[in-house]
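Please look at the sequence and the model together, and keep both in view while you read. The paragraphs that follow go through the sheets, then a pair of helices, and then the surroundings of the ligands.

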Amino acid sequence: ATPNSGDVRATPGSSRPHVVLLPSAGMGHLVPFTRLAAALCSGHGCDVSLVAAVPTVSSAEARHLAAHFAAFPAVRRLELDLASLDVSEFAGADPFYVRYEAIRRSAPLLAPLLAGGASAAASALVADIALASVVIPVARELRLPCYVFFTASATMFSFLAYLPTYLDANAGGGHAIGDVDVPGVCRVPTSSVPQALHDPDDIFTRQFIANARSLADADGLVVNAFDALEPEAIVALRQGTVAAGLPPVFAVGPLSPAPIPAKDSGSYLPWLDAQPVRSVVYVSFGSRKALPRDQLRELAAGLEASGHRFLWVVKGAVVDRDDAGELTDLLGEAFLRRIHGRGLVTMAWVRQEEVLNHPAVGLFISHCGWNSVTEAAASGVPVVAWPRFADQRVNAGAVARAGIGAWADTWSWEGEEDDGVVSAEDIAGKVRSVMADEGVRKAAASVREAAARAVAAGGRSYRSLAELVRRCRDGL
Ligand code: UDP
Ligand code: UDP
């Protein structure tokens, strides 16, 4: 593609559109962006650039970026040097939310980055939802079409898109967010609203609402979702039931993991190989949250009491770089000795995709980060939902409605007044009942098939992505 003179924009109609991807921070955002990059470049004939803001917050992100660029040399790496940010302004705030803010304030630097020698004329920009309200105006100035990628569920997306209407209608009551009935989708009870949003001054809240109000200005909205998992939300978003004036919605999920060759096989794999089919409970709360110590102990006792085999990934800190804990300190030597052979507990990163697709795995106790949910859905593994934070309760609702798992909505939620510890007995009971639930297993298997159909050539998600690429090519 040849740029117009002094222009970062590619001539519309060029056969190979150049799509620039701009993720925010955290594995939950980076992972779907790299999957989108892989799908665009390998499956849909695009030239792709991925913007990386370095150094990353977590070392998991740094490793993932390195592995991604090594596996996809065709994807161009553009480094965004962040404008300096006085972090004392955000003392105590979530480090990933602070990073969103740093990238947001660096949005004006995108213009020189895209005009610089490392880049090539661009056809379109795809920006992370966390950056939408500041990146859309920059793209407008560069005359680049701007698409917004929502990396969580379509259900959460519908909540976000409806929130401005809700807040405007309830302005008399100040900012307080009660139960929110998202038209055509579901009720999000106040107890499921992301914690931060209850505080109007929270940095996340300010970003979230600004982004929500900017959606109508985007050229299109992309979501890692598919019909079989969230039928109502996708239809309601597309048809304008959720909010009037939204641009076209492209449901392109579940984005498939990019084939990134592994450096080592992971000691958990030989162990899994030795377990019977569907006998293992896989337990993980994602990449960025630790359970409180007393809850960890109770979970340990619950897994032990369930009588099932388990593979448990334990995290001791919010940012992995700070995770200096030892398993014996967290769980006790006696526990580790007792479960030896029947349970495998690790603080290391596991390749979750591989774990969920392993025939030995029969259940996933998950915090319901959206990537984890889509990965469980794509591999047909039933879920015990234990959301703790942010959009996870909304996602857990989608899991329960789709019938692919169970959610005990009385289980603890971070920051709740009675953020009580869920007992070993309750955990063991839930694990046993879902492991024995034929109906959930069948629903999970059928959603897995629907997911495979959606992303296969000619499937709905595949065609949505092809349509998005066509628009990028034509400069729409
Ligand atoms: N993940 C992984 N190994 C781990 C922990 C996490 O591969 O030990 C991956 C997981 O498969 C998912 C991503 O990291 O793709 C986490 O995203 P998710 O949305 O599930 O949760 P978050 O970490 O953002 O809370
Ligand atoms: N559509 C959309 N986003 C999607 C999937 C479909 O906007 O993620 C639109 C599509 O452009 C068409 C309509 O929804 O106007 C029907 O979708 P599709 O072509 O998949 O029809 P079907 O598979 O039901 O025949």
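In what order do the seven strands of the open sheet stand? In this predicted model, the order is E3-E2-E1-E4-E5-E8-E9, and the pairing is parallel. From one strand to the next, the twist averages 25 degrees.

Strand E1, made of residues 18-22, pairs with strand E2, made of residues 47-53, in the parallel sense over four bridges, and Val20 has Ser49 in E2 as its bridge partner. E2 also pairs with E3, again in the parallel sense, over five bridges, and here the bridge partner of Val51 is Leu78 in E3. To get from E2 to E3 the chain passes through helix H2, and this β-α-β crossover is right-handed.

Helix H2, which covers residues 59-71, also packs with helix H1, which covers residues 27-43; the angle between them is about 10 degrees, and their axes lie 10 Å apart. Why can H1 be called roughly parallel to H2? It can because angles under 35 degrees count as roughly parallel, and the angle of about 10 degrees makes H1 roughly parallel to H2. H1 contributes Met27, Leu30, Val31 and Thr34 to the contact, while H2 contributes Ala60, Glu61, His64 and His68. Sorted by class, the residues of this contact are four nonpolar, three polar and one charged.

A further open sheet has six strands, in the order E12-E11-E10-E13-E14-E15, and its pairing is parallel. Strand E12, residues 343-346, and strand E15, residues 405-407, stand at the edges with a single partner strand each, so one side of each is left without a neighbour in the sheet. Direction ignored, neighbouring strands of this sheet are turned by 15 degrees against each other on average. Strand E10, residues 280-284, and strand E13, residues 361-366, pair in the parallel sense over five bridges, and Ser284 has Ser366 in E13 as its bridge partner. Helix H15, residues 392-402, packs on this sheet, where it touches E15 and strand E14, residues 383-385, and its direction makes about 130 degrees with that of E15.

We can now turn to the ligands. Around ligand 1 there are 18 residues, of which Gly28, Gly286, Gln352, Gly369 and Ser372 come nearest. H1 and helix H14, residues 370-379, each supply at least two residues of this shell, and H14 gives the most, with four residues. By class, the shell around ligand 1 divides into six nonpolar, nine polar and three charged residues.

Ligand 2 is surrounded by Arg238, Pro248, Val249, Phe250, Ala251, Arg460, Arg463 and Ser464. At least two residues of this shell come from E9, and at least two come from helix H18, residues 460-473. The shell around ligand 2 has four nonpolar, one polar and three charged residues.

Note on methods:
Residues are numbered from 1 along each chain as its sequence is written. Chains are lettered from A and ligands numbered from 1 in the order in which they are written. This is a predicted model: local features need pLDDT of at least 70, side-chain atom pairs count only at pLDDT 80 or more; totals for chains, interfaces and linings use all residues. Axes are lines fitted to C-alpha atoms, for helices over the stretch in contact, and angles run from 0 to 180 degrees between N-to-C directions. Angles under 35 degrees count as roughly parallel, over 145 as roughly antiparallel, 65 to 115 as roughly perpendicular and the rest as oblique. Two residues are in contact if their C-beta atoms, placed from the backbone, lie within 7 Å. Ala, Val, Leu, Ile, Met, Phe, Trp, Tyr, Cys and Pro count as nonpolar, Asp, Glu, Lys and Arg as charged, and the others, Gly among them, as polar. A residue is near a molecule or strand if its C-beta atom, placed from the backbone, lies within 6 Å of it. Two strands pair if DSSP finds at least two bridges between them. A crossover is right-handed if, with the strands pointing away from the viewer, the path from the first strand over the helix to the second runs clockwise.
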